[in-house]
Amino acid sequence: MTDLPATHEPAIKRPVRWHIGVFLLPAFIIYSAIMVLPLIETLRLSFYNTVDGAPAFVGLANYQVLFGDARWAHDFWNALVNNLIFFAIHMCVQNPIGVALAALLSTPKLRFAAFYRTAIFLPTLLSFVIVGFIWKLILSPIWGVAPWLMSLVGTKWLFAPWLGQSGPALIAVSLISNWQYIGIPMMLIYAALLSIPDEVIEAAEMDGITGWSQFWKIKLPLILPAIGIISILTFVGNFNAFDLVYTVQGALAGPDMSTDILGTLLYRTFFGFQLQLGDRSMGATIATVMFLIILAGVSFYLFAIQRRMRRYQF
Amino acid sequence: MTRIIKGMLFASTVLASAGMAHAADVTLTIESWRNDDLAIWQEKLIPAFEAKNPGIKLNFSPTAPTEYNASLNAKLDAGSAGDIITCRPFDAALELFNKKQLADLTSLSGMANFSPVAKAAWSTDDGAKTFCVPMASVIHGFIYNKDAFDKLGISVPKTVDQFHAALDKIKADGTYIPLAMGTKDLWEAATMGYQNIGPNYWKGEEGRKALIEGKQKLTDPEWVKPYEELAKWKPYLGDGFEAQTYSDSQNLFTLGRAAIYPAGSWEIALFTSQAQFKMGAFPPPVLKAGETGYISDHPDIGVGLNAKSAHQEEAKKFLAWVASPEFADIYANALPGFFSLNSTPVKMADPLAQEFVSWRDSFKPTVRSTYQILSRGKPNLENETWVESANVINGTDTPKVAGEKLQKGLDSWYKPAK
């Protein structure tokens, strides 16, 4: 490289590539303005509170109130436990059924696969307001079709006004949410199943692995990364959930706070409800705790699980 | 979660600016939670005002009731709220006045048209300053299906015993659900239940003041007995009342499937337009015949002035008009069930509304016990009362436990002035 002929042009000087910055700028500005700055502002707000009518830095005092004051702590832990149950029901009902549906859909002999795929995915596209409203009507003891349908098969005695009972209400709301969002795990897994090369399946068949054992031994290990992604999406979605509970059970998440999750607790605290005035500092504190919970969950997944997952390359 | 908050804040600012003025006329934007009244404002009230005040236009822009307080506070803080603010009674509005977001209206012409009791809901604790023009109050009671009562031969109950006898009779007959009330939305149980029948037990203002002064507690019999009575309503409610919402109850009654509806007078307009049968109303039954009865005659709506409004003079003109007998007349007749607080009596055409308002002569009025001062802290007594009233009817808590829980919550922040 050193003895280049003198006549040779000097190495082409690359122009400064301004366009990269220009293209990135809009996204950067918008993302900062509506995601990063408010997030930082929320974190900051959680360290402030109104003292003698003026905002003042109070350090961790808001967190002390949230975890130290018996009533605040009671509300918070109640919401967290409900949220964990909400998440557990999604993991135990929505995701396994989603995987099973995807497995069924990907069987080559299934007729009307496109119809099923669309029908099952459709509720995901509906607004949560519509979903909340129709399920409230379906389950209504007065006008609902649920009691009538159950009476047709002689199980009317099993029907109860679930949404109004403090035990079953949370389960009912979770199952409504499952019904709505089951299309997402189904589609992701379906795509993962389709991407398994035929050679692998053929090789398995040559070795005599067919049917269910083929699913368990060949397909499932290959779609595990997709299941991991679904789990983490469910986790983030559930701990940010608010809309469905709000539309079905109201901001007080009745009966007797049995469906109160972190999202509704945050809403009531931050914005206030009826005669209760909003408290931004405590609201920001709860929002921060929620952020930390989600951050911890995602980090755990990224560092402890995803790294150990075996990936197969074809 | 921050995404939801941001979305809401953003939506509220966009909505607020949607009704900006465009002409040379001054346009006053009215913030309200009464989206049910949109037609009445647009067809009756706004034309009546604009005809007399050329150059001032009104824009009525309501928000959903449950979101009103939150969105109004956000808009006021951001400086994007309308000129005229519809005021919730007591602390919610007082808080805005203390933050200097509502202007002082003590000297507004027309304020003299209101009694101190009417102004109390929008005055400072000492009554020295008033910041909203009282607009309307609502009265609690029971609306009943007259046809059903005639068919079953039931006369209007006056005492609690007669009330239960009537309920038993309706239940035994089986045609009607005795009481149209559910606990799903919680506030029905608290507002139409507890605050409706309660004043007869705690003797209206006497008990309410004693509670604020700390002389009575929510664990005292005056405050627990209404819960015991509520718990007795359970067998008279419809099947699956735990999941029955407010609109379910309204429909059950207006469709003629239920005989008695624990009501607020705001239902009158809707019920009159929907029900195909004759209706009557009776006040909350007293404990013993001949006793003084108490009713909840609760100031519900006022109108105030955004202190940061650019059109103070025009807004005051409008508010003075709201305080006039002319407004009271149009409003009370357009919305039977929202009773004017104006000292000048208003003639109302609706018979059901007349029935409700006639109780003002023989019953002592009071306001809802949880509204003044007692819902200032956390936990919020009003919200807790919603939860506990529903719990008592559902049987989740006994009346005694409910009283204890509420008092414990109140004690945690409220120290009555000694």
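This is a predicted model: local features need pLDDT of at least 70, side-chain atom pairs count only at pLDDT 80 or more; totals for chains, interfaces and linings use all residues.
The predictor assigns the complex an ipTM of 0.81 and a pTM of 0.83. For chain B the average pLDDT is 88, and 94% of its residues score at least 70.

Let me turn to chain A. According to the UniProt record, which is an unreviewed entry, the annotation "transmembrane region" covers residues 20-40, 84-107, 119-139, 159-179, 222-242 and 282-304 of this chain. I have picked out two of these spans. Residues 84-107 of chain A are 92% helix and 0% strand, with the end C-alpha atoms 34 Å apart. Residues 159-179 of chain A are 57% helix, again with 0% strand, and here the end C-alpha atoms lie 19 Å apart.

The domain assignment divides chain A into domain 1, residues 18-57, and domain 2, residues 63-308, and the centres of these two domains, taken over C-alpha atoms, are separated by 30 Å. Their contact takes six residues from domain 1 of chain A and six residues from domain 2 of chain A. On the domain 1 side, helix H1 and strand E1 (48-51) of chain A each supply at least two residues, and the largest share, three residues, comes from H1 of chain A. By class, that side has three nonpolar, three polar and no charged residues.

In chain B, both assigned domains are made of two segments: domain 1 takes 2-135 and 299-350, while domain 2 takes 139-297 and 367-411. Between the centres of domain 1 and domain 2 of chain B, over C-alpha atoms, there are 30 Å. Eleven residues from domain 1 of chain B and twelve residues from domain 2 of chain B take part in their contact, and the domain 1 side consists of eight nonpolar, one polar and two charged residues.

Finally, what does the contact between the chains take from each partner? It takes 37 residues from chain A and 37 residues from chain B. On the side of chain A that touches chain B, the elements giving two or more residues are helix H1 (18-45), helix H12 (262-271), strand E3 (272-273), strand E4 (276-277) and helix H13 (280-305). That side of chain A has 22 nonpolar, 13 polar and two charged residues.

Technical notes
Residues are numbered from 1 along each chain as its sequence is written. Chains are lettered from A and ligands numbered from 1 in the order in which they are written. UniProt positions are given in the numbering used here, feature names are shortened, and annotations may be inferred rather than shown by experiment. Helices (H or I, at least four residues) and strands (E, at least two) are DSSP runs, numbered from the N terminus. Two residues are in contact if their C-beta atoms, placed from the backbone, lie within 7 Å. Ala, Val, Leu, Ile, Met, Phe, Trp, Tyr, Cys and Pro count as nonpolar, Asp, Glu, Lys and Arg as charged, and the others, Gly among them, as polar. pLDDT is the predictor's confidence in each residue, from 0 to 100. Domain bounds come from an automatic or database domain assignment.
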